[in-house]
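Student: I am new to this structure. Please take a close look at a single part and then follow it out to its surroundings.

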Amino acid sequence: MKYLIEPNDLSVKEIDELIMLANDIIKDPSRYQDVCKHKILATLFFEPSTRTRLSFESAMLSLGGSVLGFSSASNSSTSKGESVTDTIWTVSCYSDIIAMRHPKEGAPLVALRRSKVPLINAGDGGHNHPTQTLTDLLTIQREKGSFENLTIGFCGDLKFGRTVHSLLKALSRYKNTKFVFISPKELMIPEYLKKDLLERENLNYVEVERMEDVIGDLDILYMTRVQRERFFNEQDYIRLKDYYILDEDKMKLASKDMIVMHPLPRVNEISTKVDDDPRAKYFDQVQNGRYIRMALILTMLGLDKEVERL
Ligand code: NCD
């Protein structure tokens, strides 16, 4: 596997294999602690991150490998005017695998042309975030057992939220998924996803504005923050940022089996009072993110068969 730019670069079978490997790692991670010895992961983050960058680094360190990189464009030659392609070309001479995040949609695809090593998109603008999708899929598989026959509600900033776009693409390949999009009018799912995916594939979806009207029907509620950095106008952000706040009262309307997911960071959209509800799974997602990235690194380096499965 030479690259992961968008979630459907992976076949359904490849996703199943990654999830199986992650579940095997979870059983006893110490068996994998030396598999990537002498391998180097570069994390190139042209845009801020806590979880994605640190979980990649934690994953590589847990496999016995090493990491190098930068966590802000201002610390790199980008600030001197270097192109992203030249930066990746350079770093691919120093590393065995690269994870990059960039504010511009499509930047990882451009960079891929010059990378001499496997390249992972760790988020490009409002476009894709395939490793968050793998994290989400591992969480869904562990909580729900399958990706079929699920009703999933996406709530919040569906316009700019790349984790929503990527997870939607991935889940669209499974049987009998129902999508419920909960957003204010200004933050509805982009037209291109409606035309090229939801309508073309004849998927089952509805768009609503009030969470209370639909929360009782959901198997999964996927909350998102309003993406301040992608707004052109601060006034619009302020008007929309607290549009949805999931609290204990709204959780009373949900089924006892519904799970709450969030890619994090959370701002205000989930009250901390919900955190101790057994249905809140957003910090399980964080934990799963480390294991699925271990599985991904192993697979992309061709080291996924090194340890006997339990
Ligand atoms: C998300 C992202 O960067 O797109 N965070 C993450 O990677 N877990 C979500 C967000 O920033 O809102």
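Tutor: The buried residues of helix H1 are Ile15, Leu18, Ile19, Leu21, Ala22, Asn23, Asp24 and Ile25. The model is a predicted one. Against what do the buried residues of H1 pack? They pack against helix H5 (130-144) and helix H10 (282-300). H1 itself covers residues 12-27, and its length can be checked: at 1.5 Å a residue, its 16 residues should span 22 Å, and the end C-alpha atoms are 23 Å apart, which agrees.

Next, the strands. Strand S9 (residues 220-223) is covered on both faces, with Ile220 and Tyr222 buried on one side and Leu221 and Met223 buried on the other. In a regular strand, side chains alternate between the two faces of the sheet. S9 pairs in the parallel sense with strand S6 (residues 151-155) over four bridges, and methionine 223 in S9 is the bridge partner of cysteine 155. S9 also pairs in the parallel sense with strand S10 (residues 259-261), over three bridges; here leucine 221 stands opposite valine 260 in S10.

Last, the ligand. The residues around the ligand include Arg101, His129, Gln132, Arg162, Pro263 and Leu264. Threonine 52 has a polar side-chain atom 2.8 Å from an oxygen atom of the ligand. For arginine 225, a polar side-chain atom lies 2.7 Å from a ligand oxygen atom, and for glutamine 227 the distance from a polar side-chain atom to an oxygen atom of the ligand is 2.7 Å. Taken alone the ligand exposes 310 Å², and the protein buries 94% of that.

Notes:
Residues are numbered from 1 along each chain as its sequence is written. This is a predicted model: local features need pLDDT of at least 70, side-chain atom pairs count only at pLDDT 80 or more; totals for chains, interfaces and linings use all residues. Side-chain values use heavy atoms; hydrogens and water are left out. Helices (H or I, at least four residues) and strands (E, at least two) are DSSP runs, numbered from the N terminus. The expected span of a helix is 1.5 Å times one less than its number of residues. Buried means under 20% relative accessible area, exposed over 50%, partly exposed in between (1.4 Å probe, protein chains only). Contact means heavy atoms within 4.5 Å. A residue is near a molecule or strand if one of its heavy atoms lies within 4 Å of it. A polar contact is a pair of N or O atoms within 3.5 Å; within protein, one must be able to donate a hydrogen and the other to accept it, and residues adjacent in sequence count only if both atoms are side-chain atoms. Accessible areas come from the Shrake-Rupley method with a 1.4 Å probe; for residues, only the protein chains shown count as cover. Two strands pair if DSSP finds at least two bridges between them.
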